[in-house]
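Student: Let's go through this model together. I would like to know what stands behind each label you use.

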Amino acid sequence: MNSSIIIGIAGGSASGKTSISRQLKEAFENTQSVVIIRQDDYYKDQHQKTMEERIKTNYDHPFAFDNELLVEHLKTLTSGGSVEKPTYDFVHHTRSDHVEHIDSSDVIVIEGLFVLENEELRDLCDIKVFVDTDADIRFIRRLLRDVNDRGRTLDSVVTQYTTRVRDMHNQFVEPSKRYADVIIPEGGQNSVAIDLLLTKISSIIHRNVV
Ligand SMILES: Nc1ncnc2c1ncn2[C@@H]1O[C@H](COP(=O)(O)OP(=O)(O)O)[C@@H](O)[C@H]1O
Ligand SMILES: Nc1ccn([C@@H]2O[C@H](COP(=O)(O)O)[C@@H](O)[C@H]2O)c(=O)n1
């Protein structure tokens with residue numbers, strides 16, 4: 001295998017980063033050539049904190065992440081190695097007890113809020129994508145997802161959004177759009193943009209085969 005390439009997918013919370021990454025992975029499911037790493041899995045461990053303290057954490061600030069470990073893992077994967085990736089538990093606001101074994105791959109997709117905001121991460125990305133979805137749509141998607149999948153109440157989602165998510169998005173996520181090579185409006189239903197990425201990935205995999 002030639003060295004891996006990294007596709008970075010940034011964008012606001014609930015913009016559609018995970019949905020797009022999933023579609024890229026599914027298109028190459030048989031080849032095992034695409035691996036997805038979620039920045040969310042690199043939220044700092046908070047086992048030592050009480051639940052009350054965890055709820056107060058600002059999860060929309062870059063400091064909430066262990067980006068040092070993420071960068072180290074990406075470097076290991078691009079040089080052909082394997083990593084034991086942490087996994088995150090959104091219900092308990094901390095790392096889960098299990099890790100996932102991840103092998104290197106032709107294409108590594110890294111998706112998360114600050115993939116383009118963080119200079120070290122950004123510089124590791126060969127292709128930089130920003131998912132650009134309007135704030136009202138992101139809020140509606142997040143409300144539904146967090147209540148259905150992340151164990152949240154309607155009130156807690158509204159409070160978190162208005163006190164933290166919106167301001168942090170405007171301060172850190174939105175300005176990072178300027179670093180993108182490709183901007184995908186509205187996320188997962190943009191079949192033209194997804195097809196373009198699939199074609200690019202296909203050419204990388206093919207190049208590594210011949
Ligand atoms: N184009 C879309 N139309 C409707 N719902 C969507 C669309 N894209 C994503 N969603 C839904 O919105 C929520 C957030 O999407 P997700 O891909 O997890 O965003 P992110 O990874 O950016 O936080 C999920 O429940 C997902 O199913
Ligand atoms: N314990 C946590 C950790 C993170 N969040 C929120 O998740 C968002 C990032 O994930 P996306 O999949 O939506 O990009 C971020 O906006 C955090 O507010 C949380 O609620 N609880």
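**From labels to values**

Tutor: Let's start with Ala-14, found in the loop between β1 and α1. The helices (H or I, at least four residues) and strands (E, at least two) are DSSP runs numbered from the N terminus. Residues are numbered from 1 along each chain as written, with chains lettered from A and ligands numbered from 1 in written order. This is a predicted model, where local features need pLDDT of at least 70 and side-chain atom pairs pLDDT 80 or more, while totals for chains, interfaces and linings use all residues.

Student: What makes Ala-14 count as buried?

Tutor: Ala-14 has 23 C-beta neighbours inside 10 Å. A residue is buried if 20 or more other C-beta atoms, placed from the backbone, lie within 10 Å of its own, exposed if 12 or fewer, and partly exposed in between. Ala-14 is therefore buried. Its phi is near 65°, a positive value in a residue other than glycine.

Student: Why is His-93 called partly exposed?

Tutor: His-93 has 19 other C-beta atoms within 10 Å, so it falls into the partly exposed class. His-93 is found in the loop between β3 (83–89) and β4 (94–102). Here too phi is positive, at about 55°, although His-93 is not a glycine.

Student: Which residues come nearest to ligand 2?

Tutor: His-93 is one of them, together with Ser-13, Asp-40, Tyr-59 and Asp-60, out of the 13 residues around ligand 2. α1 and α6 are the elements that give two or more residues to this shell. A residue belongs to such a shell if its C-beta atom, placed from the backbone, lies within 6 Å of the molecule. By class, the shell around ligand 2 holds six nonpolar, four polar and three charged residues. Nonpolar here means Ala, Val, Leu, Ile, Met, Phe, Trp, Tyr, Cys and Pro, charged means Asp, Glu, Lys and Arg, and the others, Gly among them, are polar.

Student: How does the shell around ligand 1 divide into nonpolar, polar and charged residues?

Tutor: That shell has nine polar, four charged and one nonpolar. Ligand 1 is surrounded by 14 residues, with Lys-17, Thr-18, Ser-19, Arg-141 and Gly-188 the closest. α1 (17–27) supplies the largest share, three residues.

Student: Which residues does UniProt list under "binding site"?

Tutor: The unreviewed entry lists Gly-11, Gly-12, Ser-13, Ala-14, Ser-15, Gly-16, Lys-17 and Thr-18. UniProt positions follow the numbering used here, feature names are shortened, and annotations may be inferred rather than shown by experiment.

Student: How do you know whether Gly-11 is buried or exposed?

Tutor: Gly-11 has 29 other C-beta atoms within 10 Å, so it is buried. Gly-11 lies in strand β1 (residues 5–11). Beyond four places in sequence, Gly-11 is in contact with Gly-16, Lys-17, Phe-130, Val-131, Asp-132 and Thr-133. Contact means that the two C-beta atoms, placed from the backbone, lie within 7 Å.

Student: What about Ser-15: buried or exposed?

Tutor: Ser-15 is buried, because it has 29 other C-beta atoms within 10 Å. Ser-15 sits in the loop between β1 and α1. Apart from residues up to four places away in sequence, Ser-15 touches Val-131, Thr-133, Arg-138 and Gly-187.

Student: Why is Arg-38 called partly exposed?

Tutor: With 19 other C-beta atoms within 10 Å, Arg-38 is placed in the partly exposed class. Its place is in strand β2, and it touches Thr-18, Glu-111 and Gly-112, leaving out residues up to four places away in sequence. Arg-38 and Lys-17 are 21 residues apart along the chain, with 9.4 Å between their C-alpha atoms.

Student: And what makes Val-34 count as buried?

Tutor: Val-34 has 22 C-beta neighbours inside 10 Å, so it counts as buried. Val-34 lies in strand β2 (residues 34–38). Outside four places in sequence, its contacts include Leu-24, Phe-28, Val-107 and Ile-201.

Student: How do you know that α6 is not straight, and where is its kink centred?

Tutor: The kink is about 50°, centred on Tyr-161. The bend at a residue is the angle between axes fitted to the seven residues ending there and the seven starting there.
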